[in-house]
Number of protein chains: 2
Amino acid sequence: MNEKTKTRSELKREAIIEAAKSAFKEYGVQATSMDKLAEIAQVSKRTVYNHFSSKEELVMYLVSDLWQKAVANVAFDYQIDTPLNEQLLTWVNYEINLICTQEYLDLSRVAIGHLFYNLSALQKEMEKLAGQTTSLQQWLKDANEHGQLSIDDIEYASFQLHSLIEGCCFWPQLTGCKPLLTEQEKKFVADETVQMFLARYQTTK
Amino acid sequence: MNEKTKTRSELKREAIIEAAKSAFKEYGVQATSMDKLAEIAQVSKRTVYNHFSSKEELVMYLVSDLWQKAVANVAFDYQIDTPLNEQLLTWVNYEINLICTQEYLDLSRVAIGHLFYNLSALQKEMEKLAGQTTSLQQWLKDANEHGQLSIDDIEYASFQLHSLIEGCCFWPQLTGCKPLLTEQEKKFVADETVQMFLARYQTTK
DNA sequence: TTTAAATTACACTAGGCAGTTTACTTAGTA
DNA sequence: TACTAAGTAAACTGCCTAGTGTAATTTAAA
């Protein structure tokens with residue numbers, strides 16, 4: 001049992017983190033008081049403050065940590081012997097499946113809701129996320145150099161790809177206007193996205 | 001002088017609305033107290049409450065009214081004798097110029113920031129906005145019927161177009177990650193958007 | 001069994017905010 | 001000029017929240 005090795009302090013800390021996660025998701029940061037949080041975590045308020053010196057520290061710990069986890073980078077390398085649309089579809093599917101998660105959406109909502117009037121902090125977090133773009137950009141570059149794509153502005157093209165995906169799978173859900181995509185809808189979006197992108201940039205042999 | 005005809009009461013009301021607009025934009029709804037607002041408007045707090053029975057009423061008045069104003073619908077009709085890319089570019093430019101306004105962004109930030117944890121209200125406001133999609137959809141339909149475009153799912157295609165634009169001109173700016181686009185950048189985005197869209201859907205004669 | 005660190009309950013500080021009440025003043029109008 | 005509708009200042013209610021101080025209790029380990 002790994003559980004047994006945890007000290008009481010560690011267990012309490014985890015309870016606090018779990019409670020914060022679920023409460024922030026459900027009510028938002030603003031509407032979750034530290035008293036309420038302590039109650040949910042079954043822990044005294046003083047203990048919360050022993051682990052996190054302020055509410056802000058707790059929030060930022062969660063946002064940074066969880067967002068980072070959610071976006072663990074995957075390798076995505078250009079393969080000369082696999083059809084282009086197949087490779088791209090793989091990437092798009094991966095991206096959709098990441099973004100179309102209740103977990104990811106909830107978290108983004110917490111972060112954005114909280115950081116909306118602290119734009120510099122929001123900006124910093126977003127930049128961390130932007131880092132993961134590179135593996136796609138490298139792929140585009142490689143495909144470009146092999147003459148399979150014809151892209152002038154790789155950064156912009158990768159942005160377009162993200163826009164096509166996020167415009168369907170992220171922003172509408174984030175603002176609560178649409179429900180999570182079904183598997184069927186995901187497939188549709190993935191196919192259409194790849195088709196549009198390649199229609200624009202694939203070279204005609 | 002139109003000003004002279006305004007009663008004192010009307011002048012006060014306008015002062016309140018102006019103050020609310022600017023304060024909400026600058027600090028957000030949450031961080032603007034009614035005391036502060038009254039002070040900015042140079043009006044007693046009681047007067048604020050005489051005009052708007054609650055803070056919420058004031059907020060919703062502004063959000064509805066101003067957002068509505070910002071999105072006054074324009075006619076956009078299919079013309080058989082004008083090149084397709086030119087027509088589409090006109091629409092895209094119009095859309096970009098609407099969305100890329102400080103006014104529109106500020107307002108959206110107020111609305112979204114305020115309504116983030118009141119998703120059903122946010123949803124309602126967003127739906128009002130969605131109404132204006134129709135003129136684009138009608139255009140797509142007409143172009144489709146004239147055999148100039150080949151679109152199966154018109155609603156989705158119009159969504160893609162919006163995504164391509166908003167992914168560049170709205171969301172990054174809303175979250176404070178990027179500055180407003182320059183005229184040059186707007187032009188670039190408009191051209192690229194039209195090109196990608198037509199690469200996907202324009203029929204090859 | 002002793003010890004030290006962590007946890008707890010709970011009272012408390014200090015401040016913020018929405019909205020109300022009251023007694024008084026101003027401005028336009030009949 | 002007198003009346004009335006509106007505005008004003010300032011104190012006040014009632015509620016909520018972040019964060020602290022402390023004395024007593026629990027826990028785990030030496």
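**Entry 1**

I located A:Gln42 in the loop between α2 (34-41) and α3 (45-51) of chain A. Helices here are DSSP runs of H or I with at least four residues, strands are runs of E with at least two, and both are numbered from the N terminus. I note that the model is predicted, that local features need pLDDT of at least 70 and side-chain atom pairs pLDDT 80 or more, while totals for chains, interfaces and linings use all residues. Residues are numbered from 1 along each chain as its sequence is written, chains are lettered from A and ligands numbered from 1 in the order written, and side-chain values use heavy atoms, with hydrogens and water left out.

I looked up the backbone of A:Gln42 and found a positive phi of about 55°, although the residue is not a glycine. Is A:Gln42 buried or exposed? With a relative accessibility of 67%, A:Gln42 counts as exposed. The cut-offs are under 20% relative accessible area for buried, over 50% for exposed and partly exposed in between, with a 1.4 Å probe and protein chains only.

I then turned to B:Gln42, which lies in the loop between α2 (34-41) and α3 (45-51) of chain B. Phi of B:Gln42 is also positive in a residue other than glycine, near 60°. B:Gln42 is exposed, its relative accessible area being 68%.

**Entry 2. The annotated segment**

I checked the UniProt record, an unreviewed entry, which places the feature "DNA-binding region" at residues 33-52 of chain A. In the model, residues 33-52 of chain A are 75% helix and 0% strand.

**Entry 3. α5 against α11**

I examined helix α5 (residues 84-99) and helix α11 (residues 183-201) of chain A, which pack at an angle of about 135° with their axes 9 Å apart. Axes are lines fitted to C-alpha atoms, for helices over the stretch in contact, and angles run from 0 to 180 degrees between N-to-C directions. α5(A) and α11(A) are therefore oblique to each other. Angles under 35 degrees count as roughly parallel, over 145 as roughly antiparallel, 65 to 115 as roughly perpendicular and the rest as oblique.

I listed the residues that meet, with contact defined as heavy atoms within 4.5 Å. Among those of α5(A) are A:Leu88, A:Val92 and A:Ile96, and among those of α11(A) are A:Val189, A:Val194 and A:Phe197. The residues of this contact of α5(A) with α11(A) divide into 10 nonpolar, four polar and two charged.

I repeated the look-up in chain B, where the axes of α5 (residues 84-99) and α11 (residues 183-201) come within 9 Å and cross at roughly 135°. α5(B) and α11(B) are therefore oblique to each other.

**Entry 4. A:Asp152**

I found A:Asp152 in the loop between α8 (133-145) and α9 (154-169) of chain A. A:Asp152 is exposed, with 81% relative accessible area. A:Asp152 and A:Tyr201 are 49 residues apart in sequence, and their C-alpha atoms are 9.4 Å apart in space.

**Entry 5. Chain A overall**

I recorded 11 helices and zero strands for chain A. Its C-alpha atoms fill a box of roughly 70 × 40 × 35 Å along the principal axes. What share of the 205 residues in chain A is buried? Buried residues make up 47%. Of the contacts in chain A with a separation of 6 or more, 70% come from residues 24 or more positions apart.

Definitions and conventions. UniProt positions are given in the numbering used here, feature names are shortened, and annotations may be inferred rather than shown by experiment. Ala, Val, Leu, Ile, Met, Phe, Trp, Tyr, Cys and Pro count as nonpolar, Asp, Glu, Lys and Arg as charged, and the others, Gly among them, as polar.
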